[in-house]
Amino acid sequence: MAAEFDLDAVIRKVPDFPKPGILFYDVTGILVHPRAFAYCVEVACQRYAAAGLDAIAAIDARGFVFASPIAYKMGLPLILVRKNGKLPGRTIKRRFALEYGEDTVEVHRGDVKAGQKVLIVDDLIATGGTLKAAADILAEAGAVVSGIFAIIGLPFLNYHNVLAGHEIVTLIDYHSEHIE
Ligand code: AMP
């Protein structure tokens, strides 16, 4: 079993970043603490060891950091879900609404195999909009989304509604826009 780690102690909370009213949960504090980073990776590997996964999908960009060692340790293919215009091959894309404006995610069509059981990994779930768009394009490409794993959850932003039907695992949850 992975030794317990107090993630809250290494996640920096930055008020009014990147804009007023947002409390930013900074995962770089996890990355500079090797025991914290190892804890995140090991818990995920243990949690999904018997899930029969065929691939890990990683969300651009901080999701890449956590998904990569998980895929490597589990010996699974790593599928990158990227922001618009970064992938050179044939893609499937989805536009989605952000708090202000919109964004697009895309995946290489050829990276996803029909019927493949995929776990999607990101650093943090806020509204769940990005993960919903990612889950939709993976499903459109023929994958079966087996679960969603993130280090931090902000359930007060109601991502459980947006991601209804998906099994979601987070390692630490925060319950307001204020430092707890
Ligand atoms: P969302 O689509 O609203 O779930 O958020 C998309 C991405 O934005 C997350 O994967 C995070 O990387 C980032 N993000 C959103 N809100 C925050 C926050 N309060 N602190 C840190 N990152 C955030």
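Predicted model: local features only at pLDDT ≥ 70, side-chain atom pairs only at ≥ 80, totals over all residues.

My entries on the sheet, the helices and the pocket follow.

I looked up the strand order and got E5-E6-E4-E3-E7-E8-E9, an open sheet of seven strands with mixed pairing. At the edges I found E5 (91-97) and E9 (168-173), each pairing on one side only.

**One pair in detail.** I picked E4 (residues 78-83) and E6 (residues 102-108), which pair in the antiparallel sense over two bridges. Which residue of E6 stands opposite Lys83? I found Val105 there.

**Helices.** Next I asked what H2 (residues 34-47) lies across. My note says E8 (144-153) and E9, with H2 running at about 150° to E9. For H3 (residues 62-74) I wrote down E3 (55-59), E4, E7 (117-125) and E8, and an angle of about 165° to E3.

I then turned to the largest pocket, which holds about 930 Å³ of space. I counted 30 residues in its lining, and Arg62, Leu98, Leu124, Ala126 and Thr130 lie nearest the centre. The elements giving two or more residues to this lining are E2 (23-26), E5, E7 and H4 (129-140). Which element gives the largest share? I have E7 down for that, with four residues. By residue type, I sorted the lining into 17 nonpolar, four polar and nine charged.

Methods
Residues numbered from 1 in each chain as written. Heavy atoms only, no water. Pairing = 2+ DSSP bridges. Contact = heavy atoms within 4.5 Å. Axes fitted to C-alpha atoms, helices over the stretch in contact; angles between N-to-C directions. 1 Å grid on protein atoms, 1.4 Å probe; cavity = no way out; pocket = protein on both sides within 12 Å on 5 of 7 lines; lining within 4 Å. Points joined across faces, edges and corners; volume = space filled by probe spheres on them. Nonpolar A, V, L, I, M, F, W, Y, C, P; charged D, E, K, R; others polar.
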